[in-house]
Amino acid sequence: MTDSTDTALESMRGMAAGTLLERMGIEITQASPERLVATMPVAGNTQPYGLLHGGASVVLAESLGSIGAQMHAGPGRVAVGLDINATHHRAARSGVVTGTATLLSAGRTLVSYDVVITDEDGRRVCTSRITCLLRDAAPGA
């Protein structure tokens, strides 16, 4: 990693304090407008039957896609979620899952990412797609 990438990751980690990312234990390990990677523990993010909660997978996917969209948007612009979907392929019961968001399309007003979440054995747990709307930031924001 370059120094600028290290600085960007540290800045993102600092912004996570007190947010859902911190509460769910999401750790961003790579971030660029084209590709983002993060991990999330299964423990603490399960449904009552001990399986990774599908909503937790969606939170991981939306977090990665939204951060990537904001990076693409740049200064003076904001990214807001427009659409997200998820297909849950298999259960995860323990360990850590890894989400990898890959840019599908990026324009002036829309950005879409494909997000694949895998377990520690590399098996696909969830596939998600997120689309964000890019707009100018409100004055003074």
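## Exercises on a predicted fold

Buried residues account for 35% of the 141 residues in the protein. The model is a predicted one.

**Exercise 1.** Determine how many helices and strands the protein has, and in which order the elements run.

*Solution.* Begin with the count: there are three helices and six strands. Next, follow the chain from the N terminus, where the order reads α-α-β-β-α-β-β-β-β.

**Exercise 2.** Describe the largest nonpolar core and state which elements contribute to it.

*Solution.* The core comprises 29 residues. Those with the most contacts inside this core are M40, L52, L60, V97, Y113 and V115. Two or more residues each come from α2 (20-24), β1 (27-31), β2 (35-41), α3 (54-73), β4 (96-106), β5 (110-118) and β6 (124-136). Of these, α3 gives the most, with six residues.

**Exercise 3.** Characterise the accessible surface and the placement of charges.

*Solution.* The accessible surface comes to about 7,600 Å², and carbon and sulfur atoms hold 53% of that area. For the charges, consider 11 positive and 13 negative ones; their mean positions lie 7 Å apart.

**Exercise 4.** State what share of contacts between residues at least 6 apart in sequence join residues at least 24 apart.

*Solution.* Among these contacts, the share is 60%.

Methods. Residues numbered from 1 in each chain as written. Predicted model: local features only at pLDDT ≥ 70, side-chain atom pairs only at ≥ 80, totals over all residues. Heavy atoms only, no water. Helix = DSSP H or I, 4+ residues; strand = E, 2+ residues; numbered from the N terminus. Buried < 20%, exposed > 50% of the residue type's maximum accessible area, 1.4 Å probe, protein only. Contact = heavy atoms within 4.5 Å. Areas by Shrake-Rupley, 256 points an atom, 1.4 Å probe, with all protein chains shown as cover. Lys, Arg positive; Asp, Glu negative; His and termini not counted. Charge placed at Lys NZ, Arg CZ, Asp CG, Glu CD. Core = buried A, V, L, I, M, F, W, Y, C linked by side-chain atoms within 4.5 Å.
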